[in-house]
Amino acid sequence: MKPKLEDVAKRAGVSPTTVSRVMNNRGYISEKTRSLVYNAMEELNYVPNEMARSLLSKQSNIVGLIFPTVSNPFYAELIFHIELACEELGYKVFLCNSLKSAEKEANYLRMLLRNQVDGIIVGSHNRGVFERVNSSFPIVSIDQYISENAVVVSSDNYLGGKLATEHLIHKGCQKIVHINGPYMLQTDTRLRLEAYQKTMENHGLESIVYEVPRSFDQELYKQIIHQIFSEHPDVDGIFASDDILAANVYFEALKTGRRVPETLKVVGYDGTETAQAFMPQLTTIRQPIELMARQAVGILNKQINNQDYSGDLNPLLPVHLILGHTT
């Protein structure tokens, strides 16, 4: 038979109220009493009823995460730091991979709300899904405008696009192509494109933009890269909107006989630890991924606890150019 709280109390030689106080860390409890209760729980293999505890405290101590995928190094590293920051504050995380499907995001959202999570951090793109969430519900978005009520945490994407483009120009590139994601998405990442176009205009150079309609599709990446090389054989610089795309450019360039960086220079974006590990030679724009994660969790925690978070709304988090051998 599954042990109950009363069984733990009997084994520890204390009252059920004391056991409850130990588990919920309420009031003063001596270390001796705390040890007695924990030892009794371990001996009986007692697992607290989290649902009952959440009903009592009116908090589940669970944060829902809705992200497109964990296969992309940027999202994987971001989620890793979000989970660590949540753990430090006593939250568990419930991770949902939407694969950018609006239907999956809507289903995940309903599931998280039914399970009474304390708040949600979103890294997906489908704005309409989240506009129906009550304005008082704690929700934070990473880089995306998902609703009028969601706080957005973002790095300085415009500066990142400007740094990448100016670096290629400084290195002597005259025909620079930018590859970016779908422009129609309501994301801060579109500012990278705007910065590229403005910087090219300021230097009297023509903007050449290729859009990737679907992210995380390696075959599509290769098709677009071959299209660029075919339509612009004299391209001497490519600014890719993420490191995975930049890596594809690099390897496809080598296959077609181009020499990097002698005849083609490549700049990526994100600067994740994974990308730097498997391709340390890549020049890229590094986002402050851990800082973004901690700011998102910090703001969400204050929303959950009805605290003022206006002082945490930094204008934009800083980005940096990381020099590598691809330029």
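Helix H3 covers residues 31-44, which makes 14 residues. At 1.5 Å a residue, H3 should span 20 Å, and its end C-alpha atoms are 20 Å apart, so the two values agree. The model is predicted.

H3 has a buried side. Thr-33, Arg-34, Val-37, Ala-40 and Met-41 are buried in this helix. These residues lie on the same side of H3, because they cover an arc of only 130 degrees around the axis. An α-helix has 3.6 residues a turn, so residues three or four places apart point the same way. The other side of H3 carries exposed residues: Glu-31, Lys-32, Glu-42 and Glu-43. After H3 comes Asn-45. The phi of Asn-45 is positive, near 55 degrees.

Thr-18 sits in helix H2, which runs over residues 16-24. With residues up to four places away in sequence left aside, Thr-18 touches Ile-29 and Thr-33. Thr-18 has a relative accessible area of 16%. The cut-off for buried is under 20%, so Thr-18 counts as buried.

The C-alpha trace spans about 80 × 35 × 35 Å along its principal axes. The protein has 327 residues, and 49% of them count as buried. Among contacts with a separation of 6 or more, 67% join residues 24 or more positions apart. The protein exposes about 16,100 Å². Carbon and sulfur atoms supply 51% of that area.

Positive phi values also occur in loops. Asp-143 is not a glycine, yet its phi is positive, near 70 degrees. Asp-143 lies in the loop between strand S4 (139-142) and strand S5 (151-153). Its relative accessible area is 3%, so Asp-143 is buried. Asn-306 is not a glycine either, and it has a positive phi of about 55 degrees. The loop that holds Asn-306 runs between helix H13 (289-304) and strand S11 (320-322). Asn-306 has a relative accessible area of 74% and is therefore exposed. Asp-143 is thus buried, whereas Asn-306 is exposed.

H11 covers residues 243-255 and includes Leu-254. Leu-254 belongs to a nonpolar patch on the surface, together with Phe-251 and Phe-278. The three residues have about 270 Å² of accessible area together. Leu-254 counts as partly exposed, because its relative accessibility is 40%. Pro-261 is placed in the loop between H11 and strand S9 (265-270).

How values were computed: Residues numbered from 1 in each chain as written. Predicted model: local features only at pLDDT ≥ 70, side-chain atom pairs only at ≥ 80, totals over all residues. Heavy atoms only, no water. Patch = residues over 30% accessible without salt bridge, like charges linked within 9 Å, V, L, I, M, F, W, Y side chains within 5 Å. Areas by Shrake-Rupley, 256 points an atom, 1.4 Å probe, with all protein chains shown as cover. Salt bridge = Lys/Arg side-chain N within 4 Å of Asp/Glu carboxyl O. Helix = DSSP H or I, 4+ residues; strand = E, 2+ residues; numbered from the N terminus. Buried < 20%, exposed > 50% of the residue type's maximum accessible area, 1.4 Å probe, protein only. Contact = heavy atoms within 4.5 Å. Expected span 1.5 Å × (residues − 1). Arc of directions from axis to C-beta.
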